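Open the model in your viewer and keep the sequence panel beside it. The tour below goes from the whole chain to single residues, one selection at a time.

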Amino acid sequence: MENYLKLVWRAKRGDVDAFAQLYAGIYEDMYRFALYTLRNASDAEDAVSDAVTDAFASVKKLRSEEAFKSWIFRILSNKCKDKLREYAGKNETGIEDTEEIACDSEPEMTECIQIRKLFFELADEERLIISLHQFAGYTSREIAEILHMNENTVRSKESRALKKMGEWLQ
């Protein structure tokens with residue numbers, strides 16, 4: 001943790017290598033989050049790229065080194081929300097490119113595909129909350145900070161969304 005905080009401290013002072021190391025450590029989580037949120041590999045890559053560019057440009061404004069990960073995911077979340085609004089304006093839902101996130105084995109493939117389809121039936125906000133928790137590993141408190149919500153609201157929305165998916169599976 002101490003090395004992590006030192007990297008953030010160095011990045012805040014303009015150290016490009018430190019920022020690159022921080023980014024390398026969370027790229028996969030960021031991409032997975034964006035891909036599951038947007039359902040389009042190209043748009044996910046763009047959202048991550050835009051978020052990282054904005055984060056690098058404003059990292060000096062980061063108040064707390066401990067908040068780096070939630071801060072950059074908040075930026076990514078906003079980029080994804082913007083893209084979802086763009087989809088709505090064009091009456092699109094994104095192109096489902098999530099097949100590139102493979103299931104572990106052939107027998108699990110059918111169940112994996114079914115769960116993935118159900119996941120995309122959820123509302124955007126529900127997918128966002130589940131993505132932040134399941135794919136990026138955030139706690140309810142951190143998600144609440146990122147999405148500017150009450151922590152209890154985050155937990156209840158996630159619980160309802162997972163319950164909904166469970167009912168659809170039956």
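How many helices and how many strands does the secondary structure of the protein chain come to? The count is 8 helices and 0 strands, where helices (H or I, at least four residues) and strands (E, at least two) are DSSP runs numbered from the N terminus. This is a predicted model, in which local features need pLDDT of at least 70 and side-chain atom pairs count only at pLDDT 80 or more, while totals for chains, interfaces and linings use all residues. Residues are numbered from 1 along each chain as its sequence is written, and side-chain values use heavy atoms, with hydrogens and water left out.

**Whole chain**

Select the protein chain and colour it by secondary structure. Along the sequence the pattern reads α-α-α-α-α-α-α-α. Of its 170 residues, 42% are buried; buried means under 20% relative accessible area, exposed over 50%, and partly exposed in between (1.4 Å probe, protein chains only). The chain exposes about 9700 Å², and carbon and sulfur atoms supply 48% of that area. The areas come from the Shrake-Rupley method with a 1.4 Å probe; for residues, only the protein chains shown count as cover. Contact here means heavy atoms within 4.5 Å. Among contacts between residues at least 6 apart in sequence, 67% join residues at least 24 apart.

**The nonpolar cores**

Next, select M30, F68, I72, F73 and L76. Of the 42 residues in the largest nonpolar core, these touch the most other members. A nonpolar core is a set of buried Ala, Val, Leu, Ile, Met, Phe, Trp, Tyr and Cys residues joined through side-chain atoms within 4.5 Å. The largest share, 10 residues, comes from α2. In soluble globular proteins, nonpolar side chains tend to be buried together.

Centre on F73. Leaving aside its neighbours within four places in sequence, F73 is in contact with D29, M30, F33, L132, A136, Y138 and I146. A second, separate core has 9 residues, among them Y36, F120, I130 and A161.

Select residues 16-38, which form α2. Y27 lies in this helix and counts as partly exposed because its relative accessibility is 31%. Between R32 and L132, 100 residues apart in sequence, the C-alpha distance is 9.7 Å.

Move on to R39, in the loop between α2 and α3. Its phi is positive, near 65°, in a residue other than glycine. R39 counts as buried, at 9% relative accessibility.

**Helix α3**

Select residues 41-58. This helix, α3, has 18 residues and reaches 26 Å from its first C-alpha to its last, close to the 26 Å expected at 1.5 Å a residue. The expected span is 1.5 Å times one less than the number of residues. Which residues of α3 are buried? They are A41, D43, A44, A47, V48, A51, V52, A55 and S58. Look down the axis of α3: the buried residues fall within an arc of 165°, so they line one face of the helix. The arc is that of the directions from the helix axis to the C-beta atoms.

At the start of α3, a side-chain oxygen of N40 comes to within 3.0 Å of the backbone nitrogen of S42. Then select S58, which is in α3 and counts as buried at 18% relative accessibility. A polar atom of the S58 side chain lies 2.9 Å from the backbone oxygen of D54.

Select residues 124-135. Helix α6 has 12 residues and reaches 15 Å between its first and last C-alpha, close to the 16 Å expected at 1.5 Å a residue. Its buried residues are E126, R127, L128, I129, I130, S131, L132 and F135. After α6 comes G137, with a positive phi near 80°.

Finish at S140, in α7. S140 is buried, with a relative accessible area of 15%. Apart from neighbours within four places in sequence, S140 is in contact with E151, V154 and R155.

Conventions
A polar contact is a pair of N or O atoms within 3.5 Å; within protein, one must be able to donate a hydrogen and the other to accept it, and residues adjacent in sequence count only if both atoms are side-chain atoms.
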